Amino acid sequence: MPIHDITLQTLLLLSCFAFLAGFIDAIVGGGGLIQLPALLIFLPQYAIPTIIGTHKLASVSGTLVAASQYIRQVKVDWKVMVPSIIATGLFALMGARLVTSLDKNVLKPIILVLLVLVLIYTFLKKDLGTDHTPKYIGKKFLIGGLLTGAILGFYDGFFGPGMGSFLIFAFVSIFGLDFLHASAYAKILNCASNIPAIIFFMSSGDVLFEVAIPLGIANIIGSVIGTKLALLKGSSFVRIFFLIVVTGVIARFAYDIWK
């Protein structure tokens, strides 16, 4: 039973990948490493912008649900987050506008090196992110949040891979949050950076709604389970997942550079 030229079997298989992506993304980010390649492999007949637009609409559903679950369980400083959300969204749009004028391949080796350093630093610092001891409060936290949202929002709009990992690492290593709080803040800013891009893709007709909706539902189910597990197990569990996902992102970047 095809949906246009997409069979039900393909849709079910993609939904399984979306569930796994939502599960992993809810804990430490990086779900795009699973869902986007699956869409590219199983829907080769569609243009890249259509695949990306479909992926973003499906994945943001799970991210929104994960963010709402974290917010209910983790105290969020909204005086910092609201301005940071705005900065993230605006700079993501700026990055998206610039994407056509610069060669993204130039960035890949730089991002690969940064991710390797993040992995080594997190691995060696055994207590990193296990205790919630914020280094900055008030105005300093606000300025730091704005800068983090602006820089990584721009990166997400322009390039994107590893965004969740960089956000979590920034909140853990720079701001002194534990991995649980860092995941909550990262999910909020992830939504802020993705929504402007989704609006753009929808306005240009680059979204397969008949694919994005079922994948979004699967993503949400995975996200709910992943978030509950993260909240139950705590920061040490999230740290282990963070190391695994960053390793996966590094492998993906290395493959893209040397293939």
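Ser59 is found in helix α3, which spans residues 48–73, where helices (H or I, at least four residues) and strands (E, at least two) are DSSP runs numbered from the N terminus. The model described here is predicted, so that local features need pLDDT of at least 70 and side-chain atom pairs count only at pLDDT 80 or more, while totals for chains, interfaces and linings use all residues. Residues are numbered from 1 along each chain as its sequence is written, and side-chain values use heavy atoms, with hydrogens and water left out.

With a relative accessible area of 13%, Ser59 is buried, a class that means under 20% relative accessible area, as against exposed for over 50% and partly exposed in between (1.4 Å probe, protein chains only). Apart from residues up to four places away in sequence, Ser59 touches Gln35 and Asn219, contact being defined as heavy atoms within 4.5 Å. Helix α3 also holds Thr50, which counts as buried because its relative accessibility is 10%. The overall architecture of the protein comprises 10 helices and 2 strands, and from the N terminus on its elements run β-β-α-α-α-α-α-α-α-α-α-α. The radius of gyration, taken over C-alpha atoms, is 17 Å, close to the 18 Å that the globule rule gives for 259 residues, so the protein is as compact as a globular protein of that length; the rule itself is 2.2 Å times the number of residues to the power 0.38. Along the principal axes, the C-alpha atoms fill a box of roughly 55 × 40 × 35 Å. Of the 259 residues, 53% are buried, and among contacts with a separation of 6 or more, 84% are accounted for by residues 24 or more positions apart.

The packing of helix α4 (residues 78–98) on helix α6 (residues 138–158) takes place at an angle of about 25°, with the axes 6 Å apart; axes are lines fitted to C-alpha atoms, for helices over the stretch in contact, and angles run from 0 to 180 degrees between N-to-C directions. This angle makes α4 roughly parallel to α6, given that angles under 35 degrees count as roughly parallel, over 145 as roughly antiparallel, 65 to 115 as roughly perpendicular and the rest as oblique. The crossing of α4 past α6 is right-handed, a crossing being left-handed if the near helix is turned anticlockwise from the far one by less than a right angle, and right-handed if clockwise. On the α4 side the residues in contact include Lys79, Val80, Pro83, Phe91 and Leu98, and on the α6 side they include Phe141, Leu142, Gly145, Gly149 and Phe158. By class, this contact of α4 with α6 has 14 nonpolar, 8 polar and 1 charged residues, where Ala, Val, Leu, Ile, Met, Phe, Trp, Tyr, Cys and Pro count as nonpolar, Asp, Glu, Lys and Arg as charged, and the others, Gly among them, as polar.

Helix α8 (residues 179–203) takes part in a further pairing with helix α7 (residues 163–174), in which the axes come within 8 Å and cross at roughly 135°. That crossing angle makes α7 oblique to α8, and α7 passes α8 in a right-handed crossing. Met163, Gly164, Leu167, Ile168, Phe171 and Val172 are the α7 residues that meet α8, where their partners include Phe179, Ala182, Tyr185, Leu189 and Ser193. The contact of α7 with α8 is made up, by class, of 10 nonpolar, 4 polar and no charged residues.

The axes of α8 and helix α10 (residues 235–258) likewise come within 8 Å, and they cross at roughly 60°. In this pairing Phe179, Leu180 and Ser183 in α8 meet Ser235, Val238, Arg239 and Phe242 in α10, and the residues involved divide into 4 nonpolar, 2 polar and 1 charged.

Met202 also lies in helix α8 and is partly exposed, with a relative accessible area of 39%. Not counting residues up to four places away in sequence, Met202 touches Val207 and Phe209, whereas the C-alpha atoms of Met202 and Leu243, 41 residues apart along the chain, are separated by 34 Å. In helix α9, which covers residues 209–233, is found Ile221, and this residue counts as partly exposed at 44% relative accessibility. The C-alpha atoms of Ile221 and Ser61 are separated by 10.0 Å, with the two residues 160 residues apart along the chain.
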